[in-house]
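Subject: Structure handover and notes

Hello,

Here is the structure we talked about, with its sequence. My notes on what I found follow below it.

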Amino acid sequence: MDQPTVGILHPGNMGAAVAACAAANAAEVLWCEVGRSTASAARAEQFGLTPVPMLRELLDRSDIVISLCPPAAAEDLARDVAQHRFTGVYAEANAINPERTQRIAALLGPDATIVDGGVVGSPPVGGKTPTLYLSGPVAATERIEALFVGTAVRTAVLGREVGKASALKLAYASFQKTSRVLVALAVGMAREHGVDQELIEVAARRTDSYLSEPGYIAKTASRAWRWGPELDEAADALAAAGLPPEMLHAAASTLARWNDAKDVQELTLTDALDRLAQP
């Protein structure tokens, strides 16, 4: 297959680095200058991307377009692309929910072929090797995979259903990013009482990720009746320290959905998740 021309929308920290990897197997990687910041221009130049003055030219020349922008802008950007009736492969690689991805697919179809994408990991620079998860039509996902052969961007195809890659990205992000915020709250509370170093020492004794232990969810459900009030107490301690308590109150509210699991014997993971999904 001939090397395709690729358009990147837009060269942010992730987009520019991903586009630079794609350039290894592309005839050219384009970016649109209109409305972009000097920082975007500097990144594009750093990674050897080719500027074009208008979106229409980028779309007319590109066989594949990769959309990597702030999540809030994803649909507006797709709407701009749809106005020009782009007919190539459109990789929707933003951190958006599956429903939004499907709306974008409907917006761009039937002219374009939509591939759902989700990048898990840091930008591919300095030895970092993120994975671009893909779902969508086979021929289209194969074209995206071919762009990154031999580069720092790994690819993995999850199937043909648009939305799967977005779901995986957000499922992981919901844990990874929320856990970072919880760290800030925990250390902030401990610092208020002069025990932050001791907290870090306690945590250093356990390095495994809770996300790799889904079997513990059933145990969590069985203990929710007392863990929820404990988190409400912790939320009050955060508020007293001038820190935002809403996240822990929300976690306590979530645990309350399991209050009736207190006396359930041999609760399974499936049972626990089913109970969690019922208001």
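The protein has 11 helices and eight strands. Please keep in mind that this is a predicted model. The C-alpha trace spans about 60 × 40 × 35 Å along its principal axes. Of the 279 residues in the protein, 37% are buried.

I began with strand 1, which covers residues 5-9. Five of its five residues are buried, and the strand is mostly covered. In a regular strand, side chains alternate between the two faces of the sheet. Here Thr 5, Gly 7 and Leu 9 point one way, while Val 6 and Ile 8 point the other way. Residues on both sides are buried.

Strand 1 pairs with strand 2 (residues 28-32) through four bridges, and the two run parallel. Within this pair, Ile 8 stands opposite Trp 31 of strand 2. To get from strand 1 to strand 2 the chain passes through helix 1, in a β-α-β crossover that is right-handed.

Strand 1 is also joined to strand 4 (residues 64-67), again by four bridges and in parallel. In that pairing, Leu 9 has Ser 67 of strand 4 opposite.

Two loop residues

Which loop holds Ser 62? Ser 62 lies in the loop between helix 3 (55-61) and strand 4. The relative accessible area of Ser 62 is 7%, under the 20% cut-off, so Ser 62 counts as buried.

- The backbone nitrogen of Gly 7 is reached by the Ser 62 side chain at 3.3 Å.
- The backbone oxygen of Leu 58 lies 2.6 Å from a polar atom of the Ser 62 side chain.

Leu 49 counts as buried because its relative accessibility is 6%, and the cut-off is under 20%. Leu 49 and Leu 30 are 19 residues apart in sequence, and their C-alpha atoms are 5.8 Å apart in space.

Is strand 6 largely enclosed or open? Strand 6 (residues 113-120) has seven of its eight residues buried, so it is largely enclosed by the rest of the structure. Strand 5 (residues 89-92) runs parallel to strand 6, with four bridges joining them. Ala 91 stands opposite Val 115 of strand 6. Together with helix 5 (residues 98-108), strands 5 and 6 make a right-handed β-α-β unit.

Strand 6 also pairs with strand 7 (residues 131-135), this time in the antiparallel sense and over five bridges. Gly 118 has Tyr 133 of strand 7 as its bridge partner.

Pockets

The largest pocket has a volume of about 2300 Å³. Its lining is made up of 41 residues, and those nearest the centre are Phe 175, Ser 179, Leu 182, Tyr 210 and Trp 227. By type, the lining divides into 28 nonpolar, eight polar and five charged residues. Helix 7 (164-192), helix 8 (196-204), helix 9 (216-240) and helix 10 (246-255) each supply at least two residues of this lining. Helix 7 gives the most, with 13 residues.

The second largest pocket has a volume of about 280 Å³. It is lined by 18 residues, of which Met 14, Leu 68, Cys 69, Pro 70 and Asn 94 lie nearest its centre. The elements that give two or more residues to this lining are helix 1 (13-22) and helix 2 (38-46). Helix 1 gives the most, with three residues. This lining divides into nine nonpolar, six polar and three charged residues. Helix 1 is also the helix in the crossover from strand 1 to strand 2.

Regards

Note on methods: Residues numbered from 1 in each chain as written. Predicted model: local features only at pLDDT ≥ 70, side-chain atom pairs only at ≥ 80, totals over all residues. Heavy atoms only, no water. 1 Å grid on protein atoms, 1.4 Å probe; cavity = no way out; pocket = protein on both sides within 12 Å on 5 of 7 lines; lining within 4 Å. Points joined across faces, edges and corners; volume = space filled by probe spheres on them. Nonpolar A, V, L, I, M, F, W, Y, C, P; charged D, E, K, R; others polar. Buried < 20%, exposed > 50% of the residue type's maximum accessible area, 1.4 Å probe, protein only. Pairing = 2+ DSSP bridges. Right-handed = clockwise from strand over helix to strand, strands pointing away. Polar contact = N/O pair within 3.5 Å; in protein donor to acceptor, adjacent residues only side chain to side chain.
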